[in-house]
Amino acid sequence: MKVVLKNIGKKYEGREEFTLKNINLEIEEQEFCVILGPSGCGKTTMLRMIAGLNSITEGDLLFNDKRMNKVAPKDRDIAMVFQSYALYPHMTVYENMAFSLTMRKERKSLIDERVQEAAKVLQMEENLYVKPSDISGGQRQRVALGRAMVRNPKVFLMDEPLSNLDAKLREHMRVELIRLHKQLGTTTIYVTHDQTEAMTMASKIVLMDDGIIQQVGKPDDLYMRPKNLFVAAFIGSPSMNIIKGKIEQGRFISDNRLMMITPTKTHKEGLEAFEGKSVSAGIRPERFESGGEYGDTFNVNVDVVEMLGKEKILYGKLDDGKELIISTPGHYKYQGGERYAFGYDLEAIHYFDQETGERIN
Amino acid sequence: MNNSNNGHKKTFLERMGEKFPFFQRKNKNKLYLSDRQPLTLQGKIGLGIAHLVLILWAVIIIWPLYQMVVSAFNGLQDGYLVLNRNFEFSLKHFEYLFNETLYLAWVRNTLFISISTALLTLLFVSFTGYAYSRYRFKGRKSSLMAILLIQTIPVFAGITAFFTMHSILSSIFPYFSRQMMLILIYSGGAIAANTFILKGYIDSISTELDDAAKIDGCSNMQIYRLIIMPVAKPMLMIIGLWSFIGPFMDFLMPRVLLTSPRSYTLAAGLFTLVNDFRTMNQPAFAAGGLLTAIPIVLLFVSLQGQLVSGLSKGSVKG
Ligand SMILES: Nc1ncnc2c1ncn2[C@@H]1O[C@H](COP(=O)(O)OP(=O)(O)OP(=O)(O)O)[C@@H](O)[C@H]1O
Ligand SMILES: [Mg+2]
């Protein structure tokens, strides 16, 4: 099912400001849409509005072109997985999964069929008749998924479903969720503040901050072409180096005059309008060129080297103390306490207008 | 204590070990497994004193109970209880209780009042506790405060108001008896006090459970009945038990409010066996008290398992 949010806004009772404002979003059929953003930006609020658990202050929510603003949650044909799983503690796993169908007064045989099917997909057949308190966190997570699955909903809503699991299990469940999505093909809206989850799972990422959508796009788009400074700094780990500077005679000069970058031809066109104005340049850690000798180079004093195996992360400072993070392949030789020269991959430099934070090139 | 002035201070256990080798060996072989620090001498003396006090206290409580039980079965007791009499097993006091007094009527009255009070309390507390926990409405805070403050006024202070209320109500509903008034008074007090307790308990149940139920298709009533109530069952059981026992224990209100011995509750009825020389029969009083205690004790014992297991299984977190 296609989910469309048109100009949606939310203001909580007793709050001065709108929590969400002017949300315009289209989520296509079968899409795995991840809503990403820092804590408190309104992700849960948005999800709960789609679920019908929170009222919509303004705008329209459309499911397949049908306005759903006033429809009760149970009639929206959605299922939701909660952060705390919200399993009913007094019911067995089976009863938990069967509950929504029981409430709809479905036939016993049909309920049993659906529950067994879900249990099989999730490999929970052995634990069907125990209480949620007697199974592990990962299994509870699966019961919560199963409870959502048996309803055969048109939309899956998930609010940070993996945040309570340990790192290993989270990785495992991430893959399982993607597999499940491939298998069922249900439109999924997934909320998280973990960018790794977003980058690995999403077919579309909605990055939010401060109640406003900052950028919508494929994981690639957000990483390669961040629309503004917020997106640039939020996506990627370790995060992008942002250098403040000015455009002087068509070249980017950092404020401390230690870094100079000659833009490529294609970038130059966009930058012409900013001659003499304040501009920020963004460079991902892995887009520096080791041992820079030709073209634009700069020197950095490396303090700490983190060896991660396939890559080395260098934490360094320019002569005036400005910090930089540089990532190099793991087999390159670098040591803390030394001074090295680096160049830039000029194609990969992002320029942002400092005034508005918007992307220039 | 004669060892303590030869310079080397020894603990009580060491001294015991010298005197009794068997004691020593046992102590050396035994690993100290408690998580607490081993007790010092001072600590041990303190512990001993604490035990002594507790034992004394227990004796003070148990001895009268023991006397009550013994006298209830002692065929040689009559009229006034006399201690240290000879003992001869007999059920004559129980016979007296059933044949010569209105004991069975009192039991019936008490059960009627207790059960009604418990049910009424549970019904109302369910609504108020759930509403105060889950809904935001005007006057929520101030009304909660008011309930709290009203608690501090003793129920007995309202006795004249109760009389007036009863006469007004019974003029409208002729069947409204004094006993029903009593039920209203008991459950009224219990509702106010327990609303707080239940609200606190439901507050600790995640609202995501409500949301999940809403999506699964529950109405507000169903959320309470199918989800919240089962989860809050241990608390509801405790509330029910307390309000059930209340009328068994209270003697003042029925004594003042109820007029004929036929309508008395157990507490008020049994009291007539010890305060009036015409009907004086202290052993029968003891027998009646004993019989009253049995069902309550049984109720507690049978529900105990559920109360404890329920409390620890209240919620499931990830
Ligand atoms: N019931 C409510 N009443 C009033 N304000 C609320 C309510 N729920 C959330 N808010 C406010 O709305 C804002 C967004 O909250 P929301 O829960 O949507 O954030 P979030 O993006 O899900 O954050 P997190 O990642 O921490 O879960 C917050 O500032 C919060 O204080
Ligand atoms: Mg949230």
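**Legends to the close-up views**

**View 1. Chain B of the predicted model.** In this predicted model, 36% of the 318 residues of chain B count as buried. Chain B contains 14 helices and 0 strands. Read from the N terminus, its elements follow the order α-α-α-α-α-α-α-α-α-α-α-α-α-α.

**View 2. The largest pocket and its centre.** The volume of the largest pocket is about 1,000 Å³. Its lining is made up of 29 residues. Those nearest the centre of the pocket are Arg48(A), Leu53(A) and Asn54(A), together with Arg134(B) and Lys214(B).

**View 3. Elements and residue classes in the lining of the largest pocket.** Chain A supplies α1 (43–51) as an element giving two or more residues to the lining of the largest pocket, and chain B supplies α5 (103–134), α9 (207–216) and α10 (220–231). The largest share, 5 residues, is that of α9(B). By class, the lining holds 12 charged, 9 nonpolar and 8 polar residues.

View 4. Arg284(A) sits in the loop that joins β14 (278–283) to β15 (288–290) in chain A. This arginine is buried and has no salt bridge. The nearest side chain of opposite charge belongs to Glu286(A), at 5.1 Å; the pair does not count as a salt bridge because the cut-off is 4 Å between a side-chain nitrogen and a carboxyl oxygen.

**View 5. Side chain of Arg284(A) and the backbone of Ile235(A).** A polar atom of the Arg284(A) side chain lies 3.0 Å from the backbone oxygen of Ile235(A).

Terms used: Residues numbered from 1 in each chain as written. Chains lettered and ligands numbered in written order. Predicted model: local features only at pLDDT ≥ 70, side-chain atom pairs only at ≥ 80, totals over all residues. Heavy atoms only, no water. 1 Å grid on protein atoms, 1.4 Å probe; cavity = no way out; pocket = protein on both sides within 12 Å on 5 of 7 lines; lining within 4 Å. Points joined across faces, edges and corners; volume = space filled by probe spheres on them. Helix = DSSP H or I, 4+ residues; strand = E, 2+ residues; numbered from the N terminus. Nonpolar A, V, L, I, M, F, W, Y, C, P; charged D, E, K, R; others polar. Buried < 20%, exposed > 50% of the residue type's maximum accessible area, 1.4 Å probe, protein only. Lys, Arg positive; Asp, Glu negative; His and termini not counted. Polar contact = N/O pair within 3.5 Å; in protein donor to acceptor, adjacent residues only side chain to side chain.
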